[in-house]
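This report covers backbone geometry and core packing. The sequence and structure are shown first.

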Amino acid sequence: MKNKFISIALSLLIAVNIIPRIDSYGDDKPSVSALAAVLISADTGEIIYAVNEKQKLPMASTTKIMTTLLCIESGNLYDEFVVDSEAIKVEGSSMGLQEGDIVTKYALCCGMLLPSGNDAANAAAVEIAGSIDAFADMMNERAEEIGLTATHFVTPSGLEGEGHGSSAYDMALLAREALKNEVFREICSAETIKVSFGNPPYERWLTNTNKLLSMYDGVYGVKTGFTDEAGRCLVSACERDGKNLICVTLNDKDDWNDHIAMYDYGFQAVTCSSPELSECVELDIVGAAEEKILLKPDSDFAGITTAETDLSEFSCCVISPPFVYAPVSDGEQAALLRITYKGREVCEIPLCADGDYEAVRPDEDNEDSNKKKSLIEKIAARLRKIFS
């Protein structure tokens, strides 16, 4: 749907009312043992709870969130190849790769996110970029695109390198970006997963090191980490009653319980809000008795998790083609409503036809050609206004 509109997209600024559902707010903030911690809305990126959230610290294997994201984005996930024999010679946690093993990028992603394989991270880096250093450059470029300001990557695995580190807030934003990818979310939410690799490849099971998946209802990711320098690090995500949160702790001796405490607080401190258009949204239609169709938000939209009370920070625009052709059925998607918070994209909500719009045969309307001519003139005028 999105790609269909890009070449002919018209962005029309409109007002939006964010109507919060009734929730209670928690007043007692949790006390955590982490050196740095943050809890954010997965939808807006708003900070709900924080301790030293912007301090740069080593983040151990939570680094693999970026490595896995880049691996998925590189494509060809199921093409087989032989792992680089030098890349897999690395200390620490492993998915069990051996010299000569035949793998896929998908298997390496599972090996990074579940057993936290350093061998998988290095193998992916060399396959994608040709070397560890070149891949680190890719990681830093992607970090800049996401807007991470306290992050610098040196290794794909998270083993310490000079200057390698991030902040709790940056890692939360990274997780927010990665979780938009359906493949990433599917892998990191699995407690166990079956993959095939070896020489010749054979099926085997990998187990997730993230115990929070089974400890707290609604948790669906993301990544654990530990080194002597970084301590215990944990990035998690949780969805409950339509509310969606991301939690990060760095150097935390009691990370499981701290994440649970932060979620208990967070789910009381946020609301799940639904958009309500403050003005009618219309779209030109060709071949119908009507000149325009009315649009409404998709009723299946779950809502936006927010702690923000100043709704002026929210804005939205409609992305649509210049017109649609009849017939259009009630509930049929015709456009997108893109909502942003402080310039950061929150979500895209399908806009659907509010009612049925039947096609009119030419002999039923001898003014149809004039209507089309008028419509084209209006579209041309709108485009001139936008691009002038």
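## Cis peptide bonds

Pro200 sits in the loop that links strand E7 (192-198) to strand E8 (201-207). Strands are DSSP runs of E with at least two residues, helices are runs of H or I with at least four residues, and both are numbered from the N terminus. The bond from Asn199 to Pro200 is cis, and its omega is near 0°.

Another cis peptide bond connects Gly221 to Val222, with omega about 15°. Val222 belongs to strand E9 (residues 219-227).

## Basis of the values

The model is predicted: local features need pLDDT of at least 70, side-chain atom pairs count only at pLDDT 80 or more, and totals for chains, interfaces and linings use all residues. Residues are numbered from 1 along each chain as its sequence is written, and side-chain values use heavy atoms, with hydrogens and water left out.

## Positive phi at two asparagines

Asn52 is not a glycine, yet its phi is positive, at about 50°. This residue is in the loop between strand E4 (47-51) and helix H2 (64-73). Asn52 is partly exposed, with a relative accessible area of 39%; buried means under 20% relative accessible area, exposed over 50%, and partly exposed in between, with a 1.4 Å probe and protein chains only.

Asn251, also not a glycine, has a positive phi of about 55°. The loop that holds Asn251 runs between strand E11 (243-250) and helix H9 (255-269). With a relative accessible area of 29%, Asn251 is partly exposed.

## Nonpolar cores

The largest nonpolar core has 65 residues, of which Leu97, Leu108 and Phe184 touch the most other members. Such a core is a set of buried Ala, Val, Leu, Ile, Met, Phe, Trp, Tyr and Cys residues joined through side-chain atoms within 4.5 Å. Helix H6 (residues 168-178) supplies the largest share of this core, eight residues. A second, separate core of 24 residues includes Val318, Ala326, Ala335 and Cys347.

Leaving aside residues up to four places away in sequence, Phe184 touches Ile65, Thr68, Leu69, Ile72, Leu113, Ala178, Leu179 and Val222. Contact here means heavy atoms within 4.5 Å.

## Helix H6

Why is H6 described as largely enclosed by the rest of the structure? Ten of its eleven residues are buried, so the helix is largely enclosed.
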